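Subject: Structure handover

Hi there,

Here is the structure I promised you, with some notes on what turned up in it. Have a look at it first, then read on.

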Amino acid sequence: MKKVYAFETKCLGCGLCEVYCRTAHSKFKDVVKAHNRDNVISAIVIENIFRQSKPISYFVLQCRHCLSPRCVKACISGAMHKDEQGIVHNDKKRCVGCLSCVSVCPFGAIKKSRDCKTISKCDLCVGYGEPLCVKNCPNDAIKLLDENEVEVALK
Amino acid sequence: MSLSFDIPVFEVVRNEKRCIQCQVCVRQCFNSVHSYDEDDNVVCTDDIKCVNCHRCVTLCPTRALIIKKYPLEFRENTNWTSNAIKEIYKQSQTGGVLLSSMGNPKAFPIYWDKILLNASQVTNPSIDPLREPMETKIMIGRKPEKLDFDVKGKLLTEMPPQVELSTPIMFSAMSYGSISRNAHESLARAATELGICYNTGEGGLNRDFYKYGKNTIVQVASGRFGVHKEYLSAGIAIEIKIGQGAKPGIGGHLPGKKVGEDVSATRMIPVGSDAISPAPHHDIYSIEDLRQLIFSLKETTSYKKPVFVKIAAVHNAAAIASGIVRAGADAIVVDGFRGGTGAAPTRVRDNVGIPIELALAAIDQRLVEEGIRNQASLIVAGSIRNSSDIVKAVALGADAVYVGSAAVIALGCHMCHTCSTGKCNWGIATQEPELVKRLNPDIMYKRLVNLVSAWNHEIQEMLGGMGINAIESLRGNRLMLRGIDLNEKELKVLGIKYAGE
Amino acid sequence: MMKYLIIGNSAAGINAADAIRMNDNKGNIKIISREKFRAYGRPLISYYLSGKVSPENMYYRSENYFKSKNIEVLLNVEAENIDLKNKEVATIGGGKIAYDKLLIATGSGPFIPHIKGLDMCKQENVFTFLTYEDAIKLKKKITKKSKVIVAGAGFIGLKAAEGLFGQVGSITVVDLADRVMASILDKQSADIVQTHMEQNNINFKLKTSVCEIYGKNNVSTVALSNNEILDCDILVIAVGVRPNIDIANTINLKTKDGIIVNEYMQTSKRDVYAAGDCVESLDLFSGDSKVFALWSSASNQGEVAGFNMASVEMKAPMVFAVNAISFFGLQLISAGVVNASTSNNIVLDLVKSELCRLNILNDNLVGFVLINCEQRAGIYTALISDRVKLSELDYDITSRDVGFSVYSKDERTKKYWEPCKR
């Protein structure tokens with residue numbers, strides 16, 4: 001299964017992935033409208049690594065689509081589920097925003113939505129071909145890789 | 001001094017309707033031009049810090065940013081231009097030498113743009129490089145007076161060492177220190193893939209890059225930083241740098257803040273110490289001294305590496321070149337006054353040296369007249385901007401060209417002329433880890449490969465148009481050139497006829 | 001072909017069925033449930049009560065899910081006893097279902113305390129609040145004027161109270177403890193929750209309990225142990241749960257409060273497994289055997305049981321409580337030890353009703369309470385479950401908001417890149 005992997009050595013912490021993530025998950029497919037008229041939040045976490053309160057490095061974090069996802073098991077409504085391909089989805093229609101998934105995600109990669117009624121997580125932009133964060137990363141720091149490609153990338 | 005006369009050079013114009021407060025610009029500008037105001041949820045700008053590097057403009061996802069010339073005018077005055085006034089403000093505040101980066105920006109004539117190429121019509125038909133063989137390969141190095149063969153046709157003459165280039169283009173000397181490790185790696189990888197060479201500059205060569213040795217020219221300059229036997233043997237050729245087009249007669253200065261662990265090890269100097277290259281080589285005061293250095297280097301490398309000598313294009317370039325050839329150099333590199341640099345005193349950059357086109361023509365002419373043109377290859381540098389500049393250079397007598405500015409532009413340089421600050425937002429002329437990261441060699445080396453491949457293709461097209469099927473056949477063929485908008489003297493120095501003649 | 005039988009159609013049972021199917025393509029899997037509804041998200045009943053979740057969204061799996069996985073679900077079927085020798089389960093009404101591997105995932109039922117005058121069979125306005133059916137009945141009975149008494153200020157009692165908000169005349173929650181959700185909240189956190197609920201017109205009577213009920217077929221008033229008398233149109237009893245172990249007792253499985261299982265979720269009898277709210281689990285901190293009624297733990301145990309039933313060895317982790325709840329927009333996550341601890345770090349902002357309490361014991365995080373600042377809560381949970389030494393982290397977790405960057409680069413890289421089996 002292909003997953004999104006982020007390379008800390010390449011990440012600039014610019015935040016463009018978040019901009020395009022928001023756009024991808026907005027009902028407006030235009031960047032400006034998605035931000036100015038829609039309330040969606042990105043499904044990406046950008047973290048700074050600080051030394052003496054100065055950020056020296058960055059990485060982005062999306063849902064890891066775990067083999068045995070704790071979030072799915074903690075979900076009380078069945079909204080969080082893993083599909084045949086192994087992608088962990090959250091069905092917004094069924095999500096009650098209880099944050100059980102947030103409470104158990106070891107990566108802290110699930111975010112509460114702005115209206116607190118549901119959550120936001122990476123769905124690999126199914127339907128877009130390539131996830132928009134991957135496509136729009138200016139430094140190729142985010143890649144969509146299958147298991148074999150991961151092996152290569154790690155070498 | 002509390003009162004500063006500084007005024008912004010650029011104005012950052014933000015289209016508030018398109019700005020989504022994503023703060024990509026805030027995070028990407030190392031000069032802190034942009035800042036986010038949480039209270040009002042707006043992104044603000046401080047124009048005075050802007051150097052117009054376009055980083056924010058390029059990354060802005062909504063194209064909400066434009067950078068303009070700051071509209072504040074001084075009273076119009078042809079003599080006292082705003083620039084002249086601002087320079088005085090600056091110097092009267094700092095008491096320092098004005099520093100600039102990149103090449104001479106002044107409105108001196110650009111002779112490449114006043115020379116036109118020929119094409120075949122009817123007789124000596126043109127050649128289509130897509131259908132017929134077209135050779136752009138060249139060999140750099142000393143060529144024998146004549147070749148001897150045995151009866152079977154086997155070459156008897158011992159050939160001096162040569163550097164083979166798939167196309168007559170090399171990446172100019174840019175030291176690891178002046179440019180980032182990732183920029184250096186991009187150049188090395190691109191040169192390797194292209195079958196051309198890049199040049200270490202005077203920063204030594206990090207051992208991680210020894211694997212690109214076959215495509216590396218190692219430089220020996222007045223500071224002798226990072227020079228040792230292994231280094232000299234690591235490349236395919238050695239270049240002695242006497243002068244640089246952007247600052248003839250001036251040494252180099254890498255500020256201590258750019259000398260981190262890695263640069264320090266490579267240059268063999270303490271971390272944080274300024275790396276100062278003296279103006280002259282303190283062991284070279286004559287052609288004979290130069291000869292001694294050339295042969296010391298050849299001796300060290302068992303005469304297996306050609307030795308280049310690089311000079312800035314100055315008034316007596318032709319005579320100097322003749323001396324260099326006689327001193328035993330295998331190639332002369334001449335760097336014109338538009339050649340780039342990380343930092344040079346502004347006055348020197350803008351007022352010293354001569355255009356490369358004139359220096360090239362003069363040197364080639366002189367060496368031919370003296371009958372020693374075969375003894376050394378002639379490489380020119382100093383603002384080669386495109387493939388037609390290269391074709392014209394070859395027709396004026398060059399074997400190959402060095403490109404520096406064009407290469408860094410391919411790597412993302414937006415010619416903001418602030419390399420010397422070390423805050424290159426594109427990760428090229430910087431050692432800040434956070435900025436170096438921005439230049440991903442995996443992406444950028446391909447851009448260099450693309451650029452040179454494209455130029456090579458264009459060179460083939462132009463050669464074909466002239467009915468020539470090998471670039472070697474164009475070298476020094478000034479009949480293929482005509483001048484336009486040039487006076488008699490210029491035509492004479494260039495050795496070309498006027499258009500229509 | 002293996003025959004798997006699962007008694008119970010909720011978190012443990014369904015996750016077990018999924019796990020079995022993952023490891024055994026062909027085996028025959030049957031789930032029996034005494035309820036008449038398809039599997040639903042049990043904690044959703046308060047959302048149903050309030051109307052936030054419509055009936056069609058109550059279900060835990062889509063309608064054709066079980067068919068697509070070739071899992072047979074029999075509703076309205078209750079197991080009566082088990083014949084270990086012939087490997088058969090007898091159901092009420094005389095049916096018999098054969099099995100090779102059996103899972104008891106019967107969950108828990110309401111604990112009904114002894115209260116003078118209480119007669120659940122006759123009194124039509126007394127409810128428990130554990131099943132979908134309970135919620136449907138309760139919802140039918142309430143009117144705009146109902147005076148509701150909720151006995152028990154635990155998770156279930158408070159969710160019931162929130163679910164009823166706006167649909168009844170008054171709601172009063174009664175609990176013997178000095179604070180709400182005493183088992184998962186410290187006093188300070190509990191006060192924030194209580195204040196927030198009081199602002200939404202939920203009344204509390206704490207340090208007291210319902211001791212007598214008046215009314216034969218309909219409760220009309222209740223007496224509290226502090227001698228107060230309250231009018232009551234609806235009484236919801238939500239003082240706790242007890243494991244459903246009747247079926248286990250028919251075959252004399254080893255039990256304490258719940259069924260005793262080993263880390264492979266095997267009971268004391270061969271080929272009989274048990275998982276979920278009906279079993280005893282080992283407490284991560286004390287190592288004691290305890291009953292945890294936790295949805296995620298039930299799912300986990302069900303999965304582990306399923307793997308082992310399908311002969312793929314897997315061990316269940318030790319358990320600690322993790323609860324995520326919201327009341328009227330107040331988001332609350334609590335985990336591990338929240339009351340007593342030797343050192344704790346509390347960041348409090350009463351204006352925004354924000355609280356972050358980290359309980360640290362001997363270089364380990366042992367528990368936390370987060371109110372309205374839960375964004376990266378899962379990282380704290382992982383620090384607890386993995387028993388991470390705080391001194392080995394990249395920074396002091398009490399110094400700022402935690403992130404994945406809290407791990408050292410090596411550790412972080414390992415966690416990120418290892419094929420994720422978490």
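In what order do the elements of chain A run from the N terminus on? They go β-α-α-β-β-α-β-β-α-β-β-α-β-α, which comes to six helices and eight strands. Helices (H or I, at least four residues) and strands (E, at least two) are DSSP runs, numbered from the N terminus.

Before the rest, a word on the source. This is a predicted model, in which local features need pLDDT of at least 70 and side-chain atom pairs count only at pLDDT 80 or more, while totals for chains, interfaces and linings use all residues. Residues are numbered from 1 along each chain as its sequence is written, and chains are lettered from A and ligands numbered from 1 in the order in which they are written.

Back to chain A. Its C-alpha atoms fill a box of roughly 40 × 40 × 35 Å along the principal axes. The radius of gyration (taken over C-alpha atoms) is compared with a globule rule of 2.2 Å times the number of residues to the power 0.38. For 155 residues a compact globule would be near 15 Å, and chain A agrees at 15 Å. In chain A, 55% of the 155 residues count as buried, meaning that 20 or more other C-beta atoms, placed from the backbone, lie within 10 Å of a residue's own.

Chain C has 10 helices and 25 strands, and its C-alpha atoms fill a box of roughly 65 × 60 × 35 Å along the principal axes. A compact globule of 422 residues would have a radius of gyration near 22 Å; chain C has 23 Å, which agrees. Buried residues make up 47% of chain C.

How do the chains meet? Two pairs of chains touch, and the most contacts are between chains A and C; a contact here means C-beta atoms, placed from the backbone, within 7 Å. Chains B and C do not touch, with their nearest C-alpha atoms 17 Å apart.

Finally, the largest nonpolar core has 331 residues, and B:Ile332, B:Val401 and C:Leu103 touch the most other members. Helix H14 (residues 441-465) of chain B gives this core its largest share, nine residues. Such a core is a set of buried Ala, Val, Leu, Ile, Met, Phe, Trp, Tyr and Cys residues joined through C-beta atoms within 7 Å. Leaving out residues up to four places away in sequence, C:Leu103 touches residues including C:Ile6, C:Tyr273 and C:Met309.

Best wishes

Notes
A residue is buried if 20 or more other C-beta atoms lie within 10 Å of its own, exposed if 12 or fewer, and partly exposed in between; C-beta atoms are placed from the backbone.
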